[in-house]
Number of protein chains: 2
Amino acid sequence: MGPEFSVFALLGLPEFRPGDDVAGILGDALAGVARDGDIVAITSKIVSKAEGRIVAAADREDAITAETVRLVAERAHADGSGTTRIVENRQGLVMAAAGVDASNAPDGHVLLLPENPDRSALHIAQVLRDRLGIRVGVILTDTFGRPWREGQTDQAIGAAGVTVLEQLAGTADANGKTLHVTAPAVADELAAAAELVKGKAAGRPVAVIRGLGHLVTGLDVPGARALQRASDRDMFRQGSQEAYAEGYAAGLATHSD
Amino acid sequence: MGPEFSVFALLGLPEFRPGDDVAGILGDALAGVARDGDIVAITSKIVSKAEGRIVAAADREDAITAETVRLVAERAHADGSGTTRIVENRQGLVMAAAGVDASNAPDGHVLLLPENPDRSALHIAQVLRDRLGIRVGVILTDTFGRPWREGQTDQAIGAAGVTVLEQLAGTADANGKTLHVTAPAVADELAAAAELVKGKAAGRPVAVIRGLGHLVTGLDVPGARALQRASDRDMFRQGSQEAYAEGYAAGLATHSD
């Protein structure tokens, strides 16, 4: 057998409410369970709830607007039920509805993302390390759609004490050939692995990933923000329709000059 | 403890060469190792090699062109070292360089993707099931960059005997609220999990995922092709620059009429 890791859901967690001490509650739940080198993957929704990032569902569209830094793409639903907005949000993430989400929110409410997911992850990691006396990594996860692919996968929106991007450029492949641009986004792969046991519906918001201790670091390394590409370096900074419309207007204006 | 799964790399595999019987070799390696409900994640490169999908590196640009159905976005490297082309390839995947890749290819050569990754996965799954007398799922994986995010993650480009997209729309979340568009792309999450033990450099092209037998199905379910969104339904069917340029030309032409 080669390298091996395991992923398990942490059971017995309470329903989280505004003002809850997530780090303390997880410290209790992980005492006697967590081991040195474990990575704790936490659905960001429970952090949002504890941080009171909850607004009335009636204010959903306004909340999305308030969370939006830049509209990336927008499309009306074919059935007239509304509009999908892909935006860059205040956390720097490009995602549908700025991450504002009704699922797993209290009745009649929607959840915003944590104010600063890396900061929340860092606080949790510090408390867990102090409390448990072991080195654990922490990621906060959320669910993302993707261009070109159906369905959603979980990605890391916050991280502390864990490698988020493995820099392999300059190392050799199995044939001794130098790898160039290779940089596995391991924090996103950890988030995806965790989703496979957390699920969407089951009330299992936390998973523990064991056996990948080489990815656990000190608390002074970059968080998940390092996974965000600056929009001026991105070939898909705007939706196709939006970019076309902007070009069309510019083409038209050129002639009117 | 809640639901749990483990992922381990399969060791002792040979270097793969054109004409090799991947299914047979994996059948040998998995005999006495694999269990009912396991999912075998295979780096598509070894299938490419066995299928003889190898061309001389000097012909790389031509090979990319030949694999391309549609140019999605293109950008010259700032350092003058060439051009990145994001294309939709003959397999229907939107990816850099059509998936043509020098890493882990024989010296002086590049690898194309398998001709039909779902068909290759199905053949391997059939042989493994017959040979081992158990139900295993198979995914073929490859490495993808992503809009808006740094680094790469592995995704499923082929699949057989495994759920690729979990349809949760209509089911309830932990608060009893009905989920709407939720459809975890579990095959991509499995590919990401497998990458965490396979790595890029280590000569470990196959991983076994154990404990998620509820995702293993008959061999008559959709393959990874079902994860591909039709381009006319995609808000990012073209790069921003390309869409802008098309719009600009149209705007200009309107006035010249």
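Predicted model: local features only at pLDDT ≥ 70, side-chain atom pairs only at ≥ 80, totals over all residues.
Q: Which residues make the contact?
A: From helix 1 of chain B come Val22(B), Ala23(B), Gly24(B), Leu26(B), Gly27(B), Asp28(B) and Leu30(B). Helix 4 of chain B supplies His123(B), Ile124(B), Val127(B), Leu128(B), Arg131(B) and Leu132(B). By class, these residues divide into eight nonpolar, three polar and two charged.

Q: What about helix 1 and helix 4 in chain A: how do they pack?
A: In chain A, helix 1 (residues 22–30) and helix 4 (residues 117–132) pack at an angle of about 40 degrees, with 9 Å between their axes. The two helices of chain A are therefore oblique to each other. Their crossing is right-handed.

Q: Which residues of helix 4 of chain A take part there?
A: The helix 4 side in chain A consists of His123(A), Ile124(A), Val127(A), Leu128(A), Arg131(A) and Leu132(A). Facing them, helix 1 of chain A contributes Val22(A), Ala23(A), Gly24(A), Leu26(A), Gly27(A), Asp28(A) and Leu30(A). This contact in chain A has eight nonpolar, three polar and two charged residues.

Q: Take Leu132(A): what is it in contact with, leaving aside its neighbours within four places in sequence?
A: With those neighbours left aside, Leu132(A) is in contact with Gly27(A), Leu30(A), Ala31(A) and Ala34(A). Leu132(A) itself belongs to helix 4 of chain A.

Q: And how far apart are the C-alpha atoms of Leu132(A) and Ala31(A)?
A: The separation is 6.4 Å, although Leu132(A) and Ala31(A) are 101 residues apart along the chain.

Q: Switching to the interface, how many residues of each chain are in contact?
A: There are 92 residues of chain B in contact with 92 residues of chain A.

Q: How much area do the two chains bury?
A: Chain B and chain A bury about 8000 Å² between them, with 57% of it on carbon and sulfur atoms. On the chain B side, Trp148(B), Arg149(B) and Met235(B) lose the most area to chain A, and together they account for 11% of what that side buries.

Q: How many salt bridges cross the interface?
A: Eight salt bridges are found between chain B and chain A. Asp188(A) forms a salt bridge with Arg149(B), where the closest N and O atoms are 2.7 Å apart.

Q: At what angle does helix 5 of chain A cross helix 5 of chain B?
A: The axes of helix 5 (residues 186–198) of chain A and helix 5 (residues 186–198) of chain B cross at roughly 125 degrees and come within 8 Å. That makes helix 5 of chain A oblique to helix 5 of chain B. The crossing is left-handed.

Q: What residues are in that contact?
A: Chain A provides Val186(A), Glu189(A), Leu190(A), Ala192(A), Ala193(A), Glu195(A) and Leu196(A) from helix 5. Helix 5 of chain B provides Val186(B), Glu189(B), Leu190(B), Ala192(B), Ala193(B), Glu195(B) and Leu196(B). The residues of this contact divide into 10 nonpolar, no polar and four charged.

Key. Residues numbered from 1 in each chain as written. Chains lettered and ligands numbered in written order. Heavy atoms only, no water. Axes fitted to C-alpha atoms, helices over the stretch in contact; angles between N-to-C directions. Helix = DSSP H or I, 4+ residues; strand = E, 2+ residues; numbered from the N terminus. Parallel < 35°, antiparallel > 145°, perpendicular 65-115°, else oblique. Left-handed = near helix turned anticlockwise from the far one by under 90°. Contact = heavy atoms within 4.5 Å. Nonpolar A, V, L, I, M, F, W, Y, C, P; charged D, E, K, R; others polar. Buried area = accessible area lost by both parts, 1.4 Å probe. Salt bridge = Lys/Arg side-chain N within 4 Å of Asp/Glu carboxyl O.
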